[in-house]
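The following explanation is intended to be read with the structure in view.

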Amino acid sequence: MKKDIDHGAEGTELDSEAGYNESRVYELGFHLDPELPFEEAKKTYQSLRDVIAAAGTIVAEGQPQKVQLAYTISRSVDHLRRDYDSAYFAWIAYEAEGAGHEAVLLASREEQNIIRFLDIRTEKDLAMHAAEMHEIYARAAEQNATPSEEVSDTDLDQALKEAGA
């Protein structure tokens, strides 16, 4: 929905009341089609990131990661229903004025690889905290995913012999 606002030198009461010309912080979270190759998901993320950078200032971000969804998302594409149980999830917190925010929303709606998105107003401190928490969880997941030391068959046979003795 485009707003008709007088952007004259004096401004209007509507400008300050609606906050259209004020810079605000938003967080855009979106799910990308899980059937995309990872490189294509990154390209889609990067193109949306470029739109956001042109419209305002990026505050924090989380690159696409494939996740299981808590519930199935159904979407109709060309009169065909598609159900998604997983998706690439990414998010970008940004600061923009009203026109920049509208440009981001338009780009999000037009991107065919996005199956769902949510754009909310937030605060810079909260966005920075979310980025820090994202890094902490990612490091913890990497540490838990590190394979344990492999044991050779001869070492395993020797351990079984010692245990049975």
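The paragraphs below proceed from the overall arrangement to one helix, its neighbour, and finally a loop residue.

The structure shown is a predicted model. The protein contains five helices and four strands. Read from the N terminus, these elements follow the order α-β-α-β-β-α-β-α-α. Of the 165 residues in the protein, 30% are buried. Consider next the contacts in the protein between residues with a separation of 6 or more: 72% of them involve residues 24 or more positions apart.

Attention now turns to helix H2, which comprises residues 38-55. This helix has 18 residues, and the distance from its first C-alpha to its last is 26 Å. That span is close to the 26 Å expected at 1.5 Å a residue.

Which residues of H2 are buried? They are Ala-41, Thr-44, Tyr-45, Leu-48 and Ile-52. Because these residues cover an arc of only 95° around the axis, they lie on the same side of H2. The face of H2 turned away from this buried side carries the exposed residues Glu-39, Lys-43 and Ala-54.

The buried residues of H2 pack against several other elements. Among these are the strands E1 (24-32), E2 (56-77), E3 (80-96) and E4 (114-122). Helix H3 (98-110) is also one of the elements against which they pack.

The crossing of the two helices is right-handed. On the side of H2, the contact is made by Leu-48, Val-51, Ile-52 and Ala-55. H3 contributes Gly-100, Ala-103, Val-104, Ala-107 and Ser-108 to this contact.

Where is His-79 found? It is located in the loop between E2 and E3. Phi of His-79 is near 65°, which is a positive value in a residue other than glycine. Is His-79 buried or exposed? His-79 has a relative accessible area of 80%, and it is therefore exposed.

Definitions and conventions. Residues numbered from 1 in each chain as written. Predicted model: local features only at pLDDT ≥ 70, side-chain atom pairs only at ≥ 80, totals over all residues. Heavy atoms only, no water. Expected span 1.5 Å × (residues − 1). Buried < 20%, exposed > 50% of the residue type's maximum accessible area, 1.4 Å probe, protein only. Arc of directions from axis to C-beta. Contact = heavy atoms within 4.5 Å. Left-handed = near helix turned anticlockwise from the far one by under 90°.
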